[in-house]
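This report describes selected structural features of one protein chain.

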Amino acid sequence: MKIAIIGNGIAGSSAKRIAKEFGHDPTIISTDNASASKSALATIRPTWFTKAQQVNIERSWAWYLKWNATVSRNAIVSSWKDPSITKEQDDWWLVQPLRVLEKPDIVGMVPFMDLLTKNYDAVLNASGVGVRSDLKRFWGATLVSKTAKADNMPFRIHHLRPYHSVHIVKTENAIRIGSSISKDKQKCYNEIYRMKEICEDSGLVSKVDDWELAMGVRTQTTNKKVIEPELGKKVTSIGGLHRTGYALAPDLIAQWIASL
C-alpha cells in the first residue's frame, strides 16, 4: 500500500518507520527539508496520563526501543528547596527524537488532498500546525551545549516551583536544558535563558559559552485532546500533540496503519 505522510516531525517520521514495518510503501511530503521536533527534550511521564493511555505509552516505548531511541526510564529529581537533596524516580522517561526523525522524500508545496488520494492508497496528515486552523500554537525552546558538564546524567529533573521544572539531559554527547513553553515567542526565549542561569547558579550545569538555541512550535486543541487518526479511514490526521506527542504518537499511528 502506498501511504502519503504529510510532515516529518515525530509523528510523520514514526509513521514512515511503522508503515515500512507493516510492509507498506510510505512517502513523506514536507514543505521544508529540515526535520521538525528538534527543539523537544521528549520527556514522557506516565503519571500524566490515564490508565488506558499508559497502555499506549508502553507500546510507543516498545517502538522507540526498536529504533534505538530510548534513553532512560528514571530520573534524578530535586527541588528549589534544596538542589543538593535528590531522589531517583522511575516515573520520568526520556527518548531521543533525533534518532527517529526522517528527512522528507518530497520537498515542496503539499498537493491538494484530492490529488494525493489519486496517487496514494492512504494519507496521514501529520503536519502539526497545518492539521487544523483552530489549533493553539505554543513556542518551545531548549539549549544545547557540547562542552557543558552535569552530574546525575543522563536525566535530571529540577523543580523550580510547583508544577514547573527544568529538565537536564545528556544525549548524543551533548547537554540539553529545557524546555520553556509559551504562546509568546519572546517570553519563551527569555524563559529558557532564565532556566540556564538557575541551573548554572545551582551548580546543576557548568558555565560554558557554547549554548545553542533550538526553538519550535507545538500545537494543542482547545479541549487539550489529541487529534487521533481514525481507524479504518484511509485519509486522516494526527495532531494537537503538545506535550503528549512522544508518548502517544507511535502507538496511535501503528493502530491506524494496522486497521487499513
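## Salt bridges and sheet architecture

Because Glu191 and Arg194 are three residues apart in helix H4 (residues 185-201), about one helical turn separates them. Their side chains form a salt bridge, with an N to O distance of 2.9 Å. Glu191 is buried, at a relative accessible area of 15%, which falls under the 20% cut-off for that class. Arg194, at 44% relative accessibility, is partly exposed. The model is a predicted one.

In the whole structure, a search finds 10 salt bridges. Side chains of opposite charge can pair when their charged atoms come close. Three of these pairs are listed below.

| Salt bridge | N to O distance |
|---|---|
| Glu191 and Arg194 | 2.9 Å |
| Lys233 and Glu230 | 3.6 Å |
| Lys66 and Glu21 | 3.7 Å |

Glu21 is partly exposed, with a relative accessibility of 46%. In the pair formed by Lys233 and Glu230, Lys233 is partly exposed at 40% relative accessibility, and Glu230 is likewise partly exposed, at 44%.

The strands include an open sheet of five, ordered E8-E2-E1-E9-E15 and paired in parallel. Strand E8 (106-107) and strand E15 (235-237) form its edges, each pairing on one side only. Within this sheet, strand E1 (residues 2-6) runs parallel to strand E2 (residues 25-30), and five bridges join them. Ile6 has Ile29 in E2 as its bridge partner.

Helix H1 (residues 10-21) lies across E1, E2 and strand E9 (122-125), and runs at about 165° to E2. Helix H5 (residues 245-259) packs on the sheet and touches E1, E9 and E15, its direction making about 165° with that of E9.

A separate pairing involves strand E5 (residues 75-79) and strand E6 (residues 82-89), which are antiparallel and share four bridges. A hairpin of two residues connects E5 to E6, and Ser79 stands opposite Asp82 in E6.

Gln89 also lies in strand E6. At 16% relative accessibility, Gln89 is classed as buried. The side chain of Gln89 makes a polar contact of 3.0 Å with the side chain of Trp92. Beyond residues up to four places away in sequence, Gln89 touches Arg45, Arg73, Asn74, Ala75 and Val77.

Key
Residues numbered from 1 in each chain as written. Predicted model: local features only at pLDDT ≥ 70, side-chain atom pairs only at ≥ 80, totals over all residues. Heavy atoms only, no water. Pairing = 2+ DSSP bridges. Contact = heavy atoms within 4.5 Å. Axes fitted to C-alpha atoms, helices over the stretch in contact; angles between N-to-C directions. Buried < 20%, exposed > 50% of the residue type's maximum accessible area, 1.4 Å probe, protein only. Polar contact = N/O pair within 3.5 Å; in protein donor to acceptor, adjacent residues only side chain to side chain. Salt bridge = Lys/Arg side-chain N within 4 Å of Asp/Glu carboxyl O.
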